Amino acid sequence: MQTNVVNLQKDEIQGLVFTGYPKNEAGIYLLLGVIDRVSARAWLRSLLNEVTFGELREYGATLNVALSAPGLSALGLDLASLATFPLEFREGLREGDESYRPRILGDVGDSAPSKWLWGGPGKPPVHVLLMLYGPKNDPSFSARVAAHRARFAGALAEVAAPIDTISLPDRREHFGFADGIAQSRIEGQSPRPDANDPVKAGEFLFGYDNEFGKRPSSPTVAASPSARQHLELTDEGDRADFGKNGTFMVVRQLEQDVARFWSSMAEYSKSSTGAVDESQAIWLASKCVGRWPSGAPLVRSPDKDDPAWQNDNEFDYRDDSQGFKCPIGAHIRKANPRDSLEPSRDLSLIATRRRRILRRGRAYGAPLAMFAGDDGQKRGLVFICLNTNIRRQFEFIQQSWLNNEKFAGLYEDQDPVVGDQTPGYGATFTIPARPLRRRLVGLERFVQVRGGEYFFLPSKSALGFLSEPSSVKATDDRIATSARNGAAEITA
Amino acid sequence: MGNSVQPLAEKAKRTGSGERPAERGPTSAVSAKSGRVLALDPTLAGNALTIVRTVLPARKAELVDLLTRMGTNIDTTTEMVFDALESVHFMRWVVIEGATPEAPAQLAFESNYDGTLTQHLADLYEHGARAMHAIYRCCAGYPFAAVPELAQDQLDGAQSFLIAGKIEYEAFYVGRRGKTARRIKIESRLRDGIERYLDGIGSDPLRHFANDPELVYAAIVDQLKEKQLADIQALSEPEPAAPRQSAAALVKHVLPIVPLVLPLLPLLPGLLAILRFKERTDVPESYDVVPPEQARLLAEREDFQVQNQLTHLVAVKPGPFRLLTARVVLYAITTLARFIYNQGDLGGLSTIHYARWVLIDGGKRLLFFSNYDGSWERYLGDFVDQAHKGLTSVWSNTQGFPRTRWLLKDGATDEENFKAWTRAHQIPTQLWYSAYKHLTVPNIGRNGHICAGLVEKPATREALERWLELL
């Protein structure tokens with residue numbers, strides 16, 4: 001709990017790190033592949049002035065750009081430099097279904113990578129993710145997108161359909177629950193430290209101390225003249241720090257089966273006469289989430305929704321160790337256990353601070369009312385999170401908390417909302433109650449993965465270095481055009 | 001959860017007559033003829049056995065193939081019927097490369113078992129004589145390498161060969177004392193039976209019983225007596241007594257080491273100076289030390305169920321100082337594990353079922369075996385968060401460990417380097433078996449409490465309600 005303020009080099013840091021641009025309700029994600037290295041670099045160079053950097057409170061149209069490992073390679077980053085990136089980033093989400101990453105993330109069954117719309121094995125790799133944000137109902141938004149398409153034509157091409165994002169009213173997500181209430185504050189983000197303990201910047205940005213009091217190992221490049229021009233040298237002086245002020249960005253398109261979620265809850269709510277009880281179904285769904293639809297946490301208001309608490313993020317689980325208010329397996333409790341892990345509150349807070357992510361995702365697809373029948377439309381969340389250690393942060397939350405049926409002493413409760421519901425190992429949800437628990441069994445999978453990739457969100461200097469025409473090496477002239485080749489090159 | 005467990009109950013009833021379940025196929029000469037009930041000494045649970053034998057270089061590849069094939073087909077392999085084993089909690093075979101390129105490989109066997117050593121070995125040969133023979137034929141000095149199958153009168157000789165390779169542990173930790181594997185499985189079945197019964201009633205079973213906890217309890221007991229009578233009856237069997245943790249026992253445990261340590265006490269300042277000098281001049285390995293191929297190889301064999309295993313091998317730093325320090329620290333850890341951390345909690349960690357350290361090659365290399373819950377990332381992460389001092393005090397005496405001060409400080413707190421170092425020295429385990437792979441240490445403890453409430457009905461209304469909250 002240090003009070004000395006960290007100085008973030010905010011002008012170097014892409015704006016998405018500080019905010020998800022809530023005032024810009026329109027958005028689009030373009031999934032691009034490099035066609036020609038030289039023109040792609042030139043395009044990136046021309047884009048630099050429009051990329052949004054810094055901590056902004058007021059903003060108009062915004063733009064951010066991220067690159068995958070095959071993308072960095074396609075732009076000319078040499079193999080030795082790519083090897084300084086962690087293995088999970090280099091492997092990305094492009095491995096085959098039988099590989100270990102889909103297993104640990106729960107990308108199985110209909111969510112297996114081979115079935116994805118984009119990003120999986122056998123699909124062309126996404127090299128660049130271009131994120132455009134604009135004010136709601138701005139008539140010039142589509143013209144702006146068209147202008148960008150014209151600009152990158154010939155240099156890059158869209159390798160998959162773009163994703164139009166929306167902002168649902170009352171900051172809800174598609175199941176109908178207010179989302180994004182719990183957000184970590186980064187140390188150094190506000191001008192002065194505030195009451196809500198900020199998380200060390202190094203958890204989300206390279207170049208700063210993390211929760212272990214150390215600088216996370218940052219990816220580096222050879223200290224060529226071009227590198228020296230843009231980047232700082234490492235302490236040893238033989239390499240240049242490429243990662244500083246950058247971070248990793250996990251992107252996963254999560255398709256939500258809203259109709260099925262609510263029909264399931266309605267089914268579970270049925271009384272002995274067989275009649276659906278909608279308020280009971282909402283109660284059950286809230287037990288699954290850990291908050292009421294308004295956002296009020298169950299630990300504050302266990303029995304009914306109380307919108308007075310809808311923005312509350314100050315709560316903890318000290319009065320609810322057995323989960324009578326908020327079930328142990330509920331989504332928000334699994335995603336962020338706060339002070340509730342064994343063996344003690346203090347140790348739990350230390351451990352959970354070391355496993356936070358910054359969520360910057362957006363919804364897509366038209367909304368569907370609660371209890372309405374399936375309309376055949378696709379909808380969901382493009383889940384985006386930022387962290388410097390994908391294994392310890394994002395993958396850990398996914399594997400050891402959300403999809404872990406043995407979380408916190410449980411037996412077979414995976415996350416009821418987003419869990420993969422492996423038959424036999426999960427698919428149940430326990431609602432602690434006195435004197436006897438209630439239990440939902442045979443839970444279906446409501447969220448399927450339809451695409452994903454691990455990206456790097458570079459700093460201004462790193463983007464400057466990448467777009468330098470002179471940093472293309474003659475020997476690395478191959479362009480990774482197929483996923484297979486790309487993966488083999490990068491992970492060698 | 002129940003697949004590998006249910007048939008065991010059936011087989012346990014039938015092995016009395018020496019019959020083998022038909023679908024398993026022909027068995028070796030030894031086990032078919034033995035036909036005896038394997039009665040384990042009920043007072044002994046959760047003991048450690050480590051056997052290390054040298055591998056014949058010409059047969060190393062064959063051995064690795066055999067173990068890997070069996071290990072990736074644990075449920076169906078016929079050379080050893082793992083699910084029929086009665087004495088085993090966990091076991092593994094791992095082929096260890098020689099310390100130098102010229103040195104032959106070694107085969108390590110690690111098991112955690114119930115009953116006496118003789119009973120445990122008999123259990124292994126009862127259900128896996130073909131495997132035991134095929135494996136140890138690849139080792140130097142095995143007296144029966146020439147025969148295709150072991151005969152009944154060769155059994156003792158084969159077991160003597162194994163016992164000759166037995167080595168004692170330097171440190172041993174048990175997550176759940178006093179529970180045999182059989183009991184753990186029975187208690188798990190009973191808990192599953194209760195939950196399935198209640199689930200069958202509905203998502204809100206209390207309403208079915210007019211909100212009366214007494215009725216719930218009575219109905220559960222009736223149901224279990226009807227569907228799982230053998231398991232209920234087994235609950236009355238005697239359990240191993242908890243090992244004596246009196247002060248007298250502690251003194252008895254520590255006494256042998258006193259004559260070794262006492263003469264060193266006056267030298268302590270000098271010893272500490274040597275320690276600090278060594279710590280300043282030791283060279284830690286750098287972060288990017290894990291080859292991607294090795295990282296993938298290890299990850300491919302993990303996370304198929306909640307439990308995982310870890311086999312870790314690292315050279316001890318040269319010199320008598322480091323070796324002695326390591327041995328003293330390991331002895332201290334064993335003492336702590338036996339007398340203080342003996343309630344399923346190791347300094348806050350409740351994820352370890354069984355773990356041990358052994359020294360091989362005359363003290364030159366330190367081997368660590370662990371059977372734990374959850375992912376590798378979570379396991380190591382917990383150590384960094386809560387129990388780094390213990391690991392640092394042991395492993396700072398081995399090659400390449402992150403920089404340490406005063407034996408306990410820094411070291412494993414350096415999260416990135418510590419995890420990279422650990423992964424770099426982790427070796428693939430060809431065969432690993434767990435008798436209850438879907439149970440965590442907390443699950444086992446809770447099942448024990450649930451079954452205690454079945455053996456003896458909770459006395460008060462309050463106690464009954466608390467018992468119901470366990471479900």
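This briefing describes how two protein chains meet and then looks at one residue in each of them. The structure is a predicted model, and every value below was computed from it. Between the chains, 44 residues of chain A are in contact with 46 residues of chain B, and the area buried between chain A and chain B comes to about 4100 Å².

**The interface between chain A and chain B**

- Carbon and sulfur atoms give 50% of the area of about 4100 Å² that is buried between chain A and chain B.
- On the side of chain A, the residues that lose the most area to chain B are Y411(A), P435(A) and L436(A), which together account for 19% of what that side buries.
- Across the interface of chain A and chain B there are 12 salt bridges, and one of the salt bridges in the model joins E412(A) to R191(B), with the closest N and O atoms 3.0 Å apart.
- The two chains also share 22 residue pairs in polar contact, counted where both residues have pLDDT 80 or more.

**What chain A brings to the contact**

- Several elements of chain A each supply at least two residues of the side that touches chain B, namely the helices α4 (87-91), α5 (100-105), α11 (345-353) and α12 (391-402), together with the strand β13 (438-441).
- The largest share of this side of chain A comes from α12(A), which contributes five residues.
- Sorted by class, the side of chain A that touches chain B holds 18 nonpolar, 10 polar and 16 charged residues.

**A buried asparagine in chain B**

- N397(B) lies in the loop that runs between α15 (388-395) and β8 (404-405) of chain B.
- N397(B) counts as buried because its relative accessible area is 0%, where the cut-off for buried is under 20%.
- The side chain of N397(B) reaches the backbone oxygen of V394(B) at a distance of 3.2 Å.
- When residues up to four places away in sequence are not counted, N397(B) touches V316(B), K317(B), R322(B), T325(B), A326(B) and L407(B).

**A tryptophan in a helix of chain A**

- W283(A) has its place in helix α9 of chain A, which covers residues 278-289.
- Although W283(A) and K304(A) are 21 residues apart in sequence, their C-alpha atoms are 7.7 Å apart in space.
- Leaving aside neighbours within four places in sequence, W283(A) is in contact with W292(A), P302(A), D303(A), I431(A) and R438(A).

Technical notes:
Residues are numbered from 1 along each chain as its sequence is written. Chains are lettered from A and ligands numbered from 1 in the order in which they are written. This is a predicted model: local features need pLDDT of at least 70, side-chain atom pairs count only at pLDDT 80 or more; totals for chains, interfaces and linings use all residues. Side-chain values use heavy atoms; hydrogens and water are left out. Contact means heavy atoms within 4.5 Å. Buried area is the accessible area (1.4 Å probe) that two parts lose on being put together, summed over both. A salt bridge is a side-chain nitrogen of Lys or Arg within 4 Å of a carboxyl oxygen of Asp or Glu. A polar contact is a pair of N or O atoms within 3.5 Å; within protein, one must be able to donate a hydrogen and the other to accept it, and residues adjacent in sequence count only if both atoms are side-chain atoms. Helices (H or I, at least four residues) and strands (E, at least two) are DSSP runs, numbered from the N terminus. Ala, Val, Leu, Ile, Met, Phe, Trp, Tyr, Cys and Pro count as nonpolar, Asp, Glu, Lys and Arg as charged, and the others, Gly among them, as polar. Buried means under 20% relative accessible area, exposed over 50%, partly exposed in between (1.4 Å probe, protein chains only).
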